[in-house]
Amino acid sequence: MIKNFEYFAPKTIEEAISLLARYKDESKIIAGGQSMLILMRQGLIAPEYVIDIKSISAMDYINFDENEGLRIGALTPHRAIETSPLIRDGFSVLSEMEQNVASVETRNWGTIGGNLCHADPAGDPAPVFIALKGKLKLVSSNGERTVAIDDFFKDYFETALRDEEILTEIQVPNPPPRTGTAYRKFSILQGDYALVSAAVSITLSSKDETCSDARIVLGAAASVPRRAERAEKVLIGKKIKDSLLQEAGKAASEEASPISDMNASEEYRREVIEVLVKQVAAEDWKRDKQT
Ligand SMILES: Cc1cc2nc3c(=O)[nH]c(=O)nc-3n(C[C@H](O)[C@H](O)[C@H](O)COP(=O)(O)OP(=O)(O)OC[C@H]3O[C@@H](n4cnc5c(N)ncnc54)[C@H](O)[C@@H]3O)c2cc1C
């Protein structure tokens with residue numbers, strides 16, 4: 001049963017952060033409620049004050065600017081990202097990723113900011129935003145700061161977010177020319193959380209087919225989504241070919257730290273990572289050649 005709490009529904013960011021400053025760690029933000037309500041119903045969290053930010057319309061938007069890149073308000077629902085023509089045309093990996101997040105019902109309620117702040121290591125958006133070199137805008141009554149998504153996740157369900165802060169915006173720079181990014185998750189049922197997932201971004205040199213930059217990010221392969229930097233180094237500076245992708249997959253599987261649980265053993269997850277990274281990188285490489 002959910003313990004009684006006092007409920008607030010601020011209409012502006014200023015109102016929300018002033019409530020957070022007042023009630024600090026006795027309060028909890030709720031956005032789409034898709035994870036929060038489960039935790040509250042199970043008695044895992046019992047805030048005295050619940051601050052419902054869902055009606056702050058100024059945090060629900062998808063904008064694009066040639067110089068600044070993509071800007072997504074933290075309250076944008078998954079489904080809006082999935083179906084946005086702007087995202088489908090310019091950042092197709094995001095709409096492809098969203099198609100496999102939970103069910104349509106959950107995607108209609110769940111917000112992109114709530115997903116990142118919940119920090120489930122098996123969440124789908126985080127690896128993709130890390131591969132795209134995304135940043136997060138965090139706002140409190142003391143001001144605002146921007147952190148790289150790489151530095152946001154600290155441990156299972158733990159982030160760099162301070163008690164008095166809210167996430168307001170996700171920022172994605174324009175990728176350099178000849179860059180392709182792809183994502184795939186491996187799960188038992190369509191829409192389930194990933195057993196493991198991989199996002200790969202490859203940039204080819206402007207002169208030839210050499211890989212000038214690579215990001216390989218694994219989901220559900222450690223306590224936080226994180227880059228497989230040794231695997232990235234396998235690709236950077238070399239001409240991409242099948243055997244190199246295979247080598248990168250092997251390196252990623254070796255540097256991952258997956259757990260064993262009721263869904264899969266650590267060994268099984270490592271095997272899948274090896275294959276998944278190779279497949280996603282190959283898909284990426286194909287995209288690069290088309291740009
Ligand atoms: C059945 C089911 C299946 C799911 N499957 C998947 C899946 O396959 N892949 C996947 O990635 N996700 C999955 N999810 C998660 C879902 O997609 C939502 O993204 C997630 O529940 C959080 O979004 P929300 O807006 O509902 O956040 P809430 O539940 O409202 O909040 C989650 C957490 O984030 C904090 N928070 C929310 N917004 C902010 C903000 N702007 N600033 C600061 N803190 C904030 C809250 O305080 C809370 O701690 C699933 C959820 C369900 C219920």
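Thr 111 counts as buried, because its relative accessibility is 3%, where buried means under 20% relative accessible area, exposed over 50% and partly exposed in between, computed with a 1.4 Å probe and the protein chains only. The structure is a predicted model, in which local features need pLDDT of at least 70 and side-chain atom pairs count only at pLDDT 80 or more, while totals for chains, interfaces and linings use all residues. Residues are numbered from 1 along each chain as its sequence is written, and side-chain values use heavy atoms, with hydrogens and water left out.

Thr 111 sits in the loop between helix H6 (104-109) and H7; helices (H or I, at least four residues) and strands (E, at least two) are DSSP runs numbered from the N terminus. Leaving aside residues up to four places away in sequence, Thr 111 touches Ala 31, Gly 32, Lys 54, Ala 74, Leu 75, Thr 76, Pro 77 and His 78, a contact being heavy atoms within 4.5 Å.

Thr 111 is also among the residues that come nearest to the ligand, together with Ile 29, Ser 35, His 78 and Asp 124, out of 33 residues around the ligand; a residue counts as near when one of its heavy atoms lies within 4 Å.

| Residue | Protein atom | Ligand atom | Distance |
|---|---|---|---|
| Gly 33 | backbone N or O | oxygen | 2.8 Å |
| Thr 111 | side-chain N or O | oxygen | 2.6 Å |
| Leu 167 | polar backbone atom | nitrogen | 2.9 Å |

The protein covers 89% of the 970 Å² of accessible area that the ligand has on its own, areas being computed by the Shrake-Rupley method with a 1.4 Å probe, and for residues only the protein chains shown count as cover. The elements that give two or more residues to the shell around the ligand are strand E2 (27-30), helix H2 (36-41), helix H7 (112-118) and strand E10 (166-172), and H7 provides the largest share, four residues.

In helix H1 (residues 13-23), the buried residues are Ile 13, Ala 16, Ile 17, Leu 19, Leu 20 and Tyr 23. They lie on the same side of H1, because they cover an arc of only 155° around the axis, the arc being that of the directions from the helix axis to the C-beta atoms. These buried residues pack against strand E1 (6-8), E2, strand E3 (49-52), strand E6 (135-140) and E10, whereas the face turned away from the buried side carries the exposed residues Glu 14 and Arg 22.

Just after H1, Lys 24 takes a positive phi of about 40°, in the loop between H1 and E2, and with 43% relative accessibility Lys 24 is partly exposed. Most residues other than glycine have a negative phi. Ala 220, in the loop between strand E13 (211-219) and strand E14 (226-227), likewise has a positive phi, near 60°, but Ala 220 counts as buried at 13% relative accessibility.

**Helix H11**

Asp 284 is found in helix H11 and is buried, with a relative accessible area of 0%. The side chain of Asp 284 reaches the backbone nitrogen of Ile 202 at 3.2 Å. Gln 279 is found in helix H11 (residues 266-290) and is partly exposed, at a relative accessible area of 35%.

Terms used:
A polar contact is a pair of N or O atoms within 3.5 Å; within protein, one must be able to donate a hydrogen and the other to accept it, and residues adjacent in sequence count only if both atoms are side-chain atoms.
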